[in-house]
Amino acid sequence: GSMDIRTPSEKLKELNDRLDSELRGEINLQPADKFKTLTQIKSITYMINGEDSTEMLRAYANLGYFYNDNNRPQSAIRNLDKAHNLERTNVVDKDVSINIAIETAKAQLSISTTRAVIMICFNDVHL
């Protein structure tokens, strides 16, 4: 195959456009394709903007949202915590902060609910 000679910025724009198209409902990315797109965005964003940037905050938040949507609360929390930590050093829109907090709470509740169900099942086995 041929080598991709686009700049990282050009690649990032294409990936963000793909994600935006999916959010608008113009295309339907399968979970594996969406995950690949989000991780590529995170990697290229890191190369272009560095670890402590607002763009990285968004990349971590988007991965957290993806993990929550796909019932992976621990992975969601890991990424959302990174996004939340970047809120301390970056100016972000209030709605972004609220969404990060809500998604973190959803992930925490999911873990708590799962643990409660496991405990109920475990207790029922020993009755």
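Guide: A crossing is left-handed if the near helix is turned anticlockwise from the far one by less than a right angle, and right-handed if clockwise. The model is predicted, so local features need pLDDT of at least 70 and side-chain atom pairs count only at pLDDT 80 or more, while totals for chains, interfaces and linings use all residues. Residues are numbered from 1 along each chain as its sequence is written, and side-chain values use heavy atoms, with hydrogens and water left out.

The part in view is helix H2, residues 31-49. The protein has five helices and zero strands (DSSP runs numbered from the N terminus: H or I of at least four residues for helices, E of at least two for strands).

On one side of the account stands helix H1, residues 8-23. The axes of H1 and H2 come within 9 Å and cross at roughly 145° (axes are lines fitted to C-alpha atoms, for helices over the stretch in contact, and angles run from 0 to 180 degrees between N-to-C directions). The crossing of H1 and H2 is left-handed. H1 contributes residues including Leu-12, Leu-15 and Leu-19, and H2 contributes residues including Leu-38, Ile-41 and Ile-44 (contact means heavy atoms within 4.5 Å). By class, this contact of H1 with H2 divides into nine nonpolar, five polar and four charged residues (Ala, Val, Leu, Ile, Met, Phe, Trp, Tyr, Cys and Pro count as nonpolar, Asp, Glu, Lys and Arg as charged, and the others, Gly among them, as polar).

H2 also packs with helix H3, residues 54-69, at an angle of about 165°, with the axes 9 Å apart. H2 is therefore roughly antiparallel to H3 (over 145 degrees; under 35 is roughly parallel, 65 to 115 roughly perpendicular and the rest oblique). The crossing of H2 and H3 is left-handed. Among the residues that meet are Phe-35, Leu-38 and Tyr-46 in H2, and Met-56, Tyr-60 and Phe-66 in H3. The contact of H2 with H3 has ten nonpolar, four polar and three charged residues.

Met-56 and Tyr-60 lead on to Leu-86, which touches them along with Glu-51, Asp-52, Ser-53 and Leu-57, residues up to four places away in sequence not being counted. Leu-86 lies in helix H4, residues 73-87. Because its relative accessibility is 6%, Leu-86 counts as buried (under 20% relative accessible area; exposed is over 50%, partly exposed in between, with a 1.4 Å probe and protein chains only).
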